[in-house]
Amino acid sequence: RYVVLDLRDNSGGLLQEAIEVASYFLRDVPIAYERTSTEERALMAMSSSPMIDLPLVVLVNSGSASAAELVAAALQDHRRAVLVGQVTYGKGSVQQVFRLSDGSSAHITTAEWLTPLRHQIAEIGITPDFEVSDEDNNSADEYINAAISILMREESE
């Protein structure tokens, strides 16, 4: 038994949900750090979630962004999962959105997210442990095949 967590083309979501997802696989460790110009705070895994202790591979690609990158990076940095795919989007910033009277909005970056090992995500992304190329128009099956191959190799060791 094993888990394949597919975060490909997941443009992110809410921070709290990213912490909750990562907390299914990690306990009482930083999921990420949020750094402003004046402080840095740890975003910690919750200890109240049920723990899934199965081998884990996370699929990522250039469409994996924001909160999805936080989950992937936390699992990779804590050596809880192997990442398979492509370098992620690189959206490691925290923005405040201000709605304007004409219906548009202003987005102001107020902080950045760092991985648990304090690597920058913004404009860099997360590099997978094993890359799967899309140059040959690989189907989703190529990612799954790579993940299963890695899991089977680890199981036999």
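By buried I mean a relative accessible area under 20%, with exposed meaning over 50% and partly exposed lying in between, using a 1.4 Å probe and protein chains only. Strands here are DSSP runs of E with at least two residues, helices are runs of H or I with at least four, and both are numbered from the N terminus.

A word of caution before going on: this is a predicted model, in which local features need pLDDT of at least 70 and side-chain atom pairs count only at pLDDT 80 or more, while totals for chains, interfaces and linings use all residues. Residues are numbered from 1 along each chain as its sequence is written, and side-chain values use heavy atoms, with hydrogens and water left out.

E1 belongs to an open sheet of four strands, in the order E1-E4-E5-E8, with parallel pairing, where two strands pair if DSSP finds at least two bridges between them. Strand E1 (3-6) and strand E8 (130-131) stand at the edges, and because each has a single partner strand, one side of each is left without a neighbour in the sheet. E1 and strand E4, residues 56-60, pair in the parallel sense over four bridges, and Val58 in E4 is the bridge partner of Leu5.

The other open sheet I want to show also has four strands, in the order E3-E2-E7-E6, but its pairing is antiparallel. Its edge strands are strand E3 (40-44) and E6, each of which pairs on one side only, and the twist averages 30 degrees from one strand to the next. E2 and E3 pair in the antiparallel sense over five bridges, with Met44 of E3 as the bridge partner of Pro30.

Turning to the helices, H2, residues 67-77, lies across E1, E4 and E5 and runs at about 140 degrees to E4, whereas H1 lies across E2, E3 and E7 and runs at about 50 degrees to E3. For these angles, axes are lines fitted to C-alpha atoms, for helices over the stretch in contact, and the angles run from 0 to 180 degrees between N-to-C directions.

How do H1 and H2 pack? Helix H1 (residues 15-23) and H2 pack at an angle of about 25 degrees, with their axes 9 Å apart. That makes H1 roughly parallel to H2, a label that applies to angles under 35 degrees. The contact, meaning heavy atoms within 4.5 Å, is made by Leu15, Ala18, Val21 and Ala22 of H1 together with Ala67, Leu70 and Val71 of H2.

As for H2 itself, 11 of the 11 residues are buried, so the helix is largely enclosed by the rest of the structure. What covers these buried residues includes E1, H1, strand E2 (30-35), E4, E5 and strand E7 (105-114). Just after H2, Arg79 takes a positive phi of about 55 degrees.

Finally, consider Thr88, in the loop between strand E5 (82-85) and strand E6 (93-99). Is Thr88 buried or exposed? Thr88 is buried, with a relative accessible area of 4%. Leaving aside residues up to four places away in sequence, Thr88 touches Val60, Asn61, Ser62, Ser64, Glu69, Ile124, Gly125 and Ile126.

Methods. Parallel < 35°, antiparallel > 145°, perpendicular 65-115°, else oblique.
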